Amino acid sequence: DRLQEAFERERRFTADASHELRTPLTALKGRIGVTLSRPRVRAEYESTLIALEQEVDRLIRLSQDLLFLARLEQGSLAFKPEKLDLNRLLVAMVDQLQPLVEAKSIEVTTDIPEGLTVFGNPDHLIRLFLNLLDNAVHYTPEGGRILVRAEGDPEERRVYVRDTGPGIPAEHLHHVFERFYRAQTDRSREGGGAGLGLAIAYEIARWHGGHLEVESEVGKGTTLTVHLPVRPPRDRSS
């Protein structure tokens, strides 16, 4: 059963990756073909180049994310942990997303005790928490709420990101950290990105010797919990 599940997961990843790559490439090819079909005025050529640049940027981001995931999974990234203040780090992440929060009139509450520290790679932990917060903002409806809470004990730190979004059906919870997986039917490319944010967050947590959990109930929201050891293991391949 485990082998069959692994084969199915790889098959789904291959199909999804092919789709994510084929769509912008098809758009590029189509746009170029239409533009070359007859002479255009300067403004039309400029408009086409802008559209092509946007598609190329998306392909670059996608390839960079996939490469980053591959390096995390292979343990090939250099690991230089620093002692980080969780309060300062998380408050900065919330402030960075403030324009998106204000645009949707979302209430964000933080409960992050001072003095909580963790050893980790700052750039990668910033990426982890930004992915979780961005996900929460995206799926929280206008006027909704997001709670960012942290706690710790001598062994680990726990960071909770809780939203009042639509929630995730139980049958999807097991898959939400898979690459390209989208739990909701409305998680289109335009609305929900490529479906790599939670996969990257999961691998970053694992890379630090921790893990990421999800709890959700349809109609009541979702909670993502990051577990990070106070001191991550030296072996990055585990």
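These points concern Thr-222 and the strand that holds it in a predicted model.

1. Basis. The model is predicted: local features need pLDDT of at least 70, side-chain atom pairs count only at pLDDT 80 or more, and totals for chains, interfaces and linings use all residues. Residues are numbered from 1 along each chain as its sequence is written, and side-chain values use heavy atoms, with hydrogens and water left out.

2. Location. Thr-222 lies in strand S7, residues 221-229 (strands are DSSP runs of E, at least two residues, numbered from the N terminus). Thr-222 has a relative accessible area of 8% and is therefore buried (under 20% relative accessible area, 1.4 Å probe, protein chains only).

3. Nine of the nine residues of S7 are buried, so the strand is largely enclosed by the rest of the structure. Thr-222, Leu-224, Val-226 and Leu-228 point one way from S7, while Gly-221, Thr-223, Thr-225, His-227 and Pro-229 point the other way.

4. Pairing. S7 runs antiparallel to S5 (residues 156-163), with eight bridges between them, and Thr-222 is the bridge partner of Asp-163. S6 (residues 211-217) also pairs with S7 in the antiparallel sense, over seven bridges (pairing requires at least two DSSP bridges). Here Val-214 has Leu-224 as its bridge partner. Three residues separate S6 and S7 in their hairpin, where Gly-219 takes a positive phi near 85°.

5. Contacts of Thr-222. The side chains of Thr-222 and Ser-216 are joined by a polar contact of 2.7 Å (a pair of N or O atoms within 3.5 Å, one able to donate a hydrogen and the other to accept it; residues adjacent in sequence count only if both atoms are side-chain atoms). Leaving aside residues up to four places away in sequence, Thr-222 touches several residues, including Val-161, Asp-163, Ile-168 and Val-214 (contact means heavy atoms within 4.5 Å).

Technical notes: Helix = DSSP H or I, 4+ residues; strand = E, 2+ residues; numbered from the N terminus. Buried < 20%, exposed > 50% of the residue type's maximum accessible area, 1.4 Å probe, protein only.
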